[in-house]
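This report describes one protein structure in running text.

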Amino acid sequence: MTDAQTFTITHTFDAPRELMWKAWTEPKLFAQWFGPKGVSAQAHIMDVRVGGIVHASLKTPEGYEMWAKFVYREIVPPSRLAWEHFFSDKDGGVTRHPFLKDWPLKLLTTVVFEDAGSKTKLTLTWTPLDATDAERKTFADNMQSMNQGWGGSFEQLETFLSKAKAA
């Protein structure tokens, strides 16, 4: 794959790696921050094991609901998670992106957690899997949007982590 076919975002969070791991793998914690800024999430299924799934809904303030499904490929506590990432329906079926018809049907998501003193450096990558040329082009053309979406999620994660550390 070329760099144009892989999206990467890195952020250092003011939290220990063990707390970061829990935020990504415990359903009640995950739902408190996951998704673009201003969107509420609910993890309906969160089976964190190789072959296990996450089935989550995201709801906008206007009431629009979207679903996501993950199928875990790799779990290395507390340093690495990898999963196949899909848009989904409420029944767990794989669906197309609700707004971009040529968005890749599935992505490989990899999240790496590294100690950075008392903080955690997180690197997330998204790579299209089994994508057509049109899907790879749509993916590459939407890097800015992915930065904004994950950036908003990371802002919510920062807020969650600061509250969790204070508790």
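Helices (H or I, at least four residues) and strands (E, at least two) are DSSP runs, numbered from the N terminus. The model is predicted, so local features need pLDDT of at least 70 and side-chain atom pairs count only at pLDDT 80 or more, while totals for chains, interfaces and linings use all residues. Residues are numbered from 1 along each chain as its sequence is written, and side-chain values use heavy atoms, with hydrogens and water left out.

**The largest pocket**

Rolling a probe the size of a water molecule over the atoms shows where empty space is left. On a 1 Å grid over the protein atoms alone, a pocket is an open set of points where a 1.4 Å probe fits, with protein on both sides within 12 Å along at least five of seven lines; lining residues have an atom within 4 Å of a point. Grid points are joined across faces, edges and corners, and a volume is the space filled by probe spheres set on the points.

The largest pocket holds about 600 Å³ of space. It is lined by 27 residues, and Pro36, Met66, Phe87, His97 and Trp126 are the closest to its centre. Strand 4 (65-76), strand 5 (80-88) and helix 4 (143-166) are the elements that give two or more residues to this lining. Helix 4 gives the most, with five residues.

Ala, Val, Leu, Ile, Met, Phe, Trp, Tyr, Cys and Pro count as nonpolar, Asp, Glu, Lys and Arg as charged, and the others, Gly among them, as polar. By this division the lining has 19 nonpolar residues, eight polar and no charged.

Two strands pair if DSSP finds at least two bridges between them.

| Partner of strand 5 | Sense | Bridges | Residues opposite each other |
|---|---|---|---|
| Strand 4 | antiparallel | nine bridges | Val76 and Arg80 |
| Strand 7 (residues 106-116) | antiparallel | six bridges | Leu81 and Val111 |
| Strand 6 (residues 94-95) | antiparallel | two bridges | Phe87 and Thr95 |

A hairpin of three residues joins strand 4 to strand 5. The hairpin of strand 5 and strand 6 has five residues between the strands, and Gly92 there takes a positive phi near 90°.

Buried means under 20% relative accessible area, exposed over 50%, and partly exposed in between (1.4 Å probe, protein chains only). Eight of the nine residues of strand 5 are buried, so this strand is largely enclosed by the rest of the structure.

Glu84 has its place in strand 5. Glu84 is buried, with a relative accessible area of 15%. Its side chain makes a polar contact of 3.0 Å with that of Arg73. A polar contact is a pair of N or O atoms within 3.5 Å; within protein, one must be able to donate a hydrogen and the other to accept it, and residues adjacent in sequence count only if both atoms are side-chain atoms.

Phe160 lies in helix 4 and is buried, with a relative accessible area of 7%. Leaving aside neighbours within four places in sequence, Phe160 is in contact (heavy atoms within 4.5 Å) with Ala23, Leu29, Gln32 and Trp33.

Glu155 is also found in helix 4, but at 41% relative accessibility Glu155 counts as partly exposed. Glu155 and Lys37 are 118 residues apart in sequence, and their C-alpha atoms are 7.3 Å apart in space.
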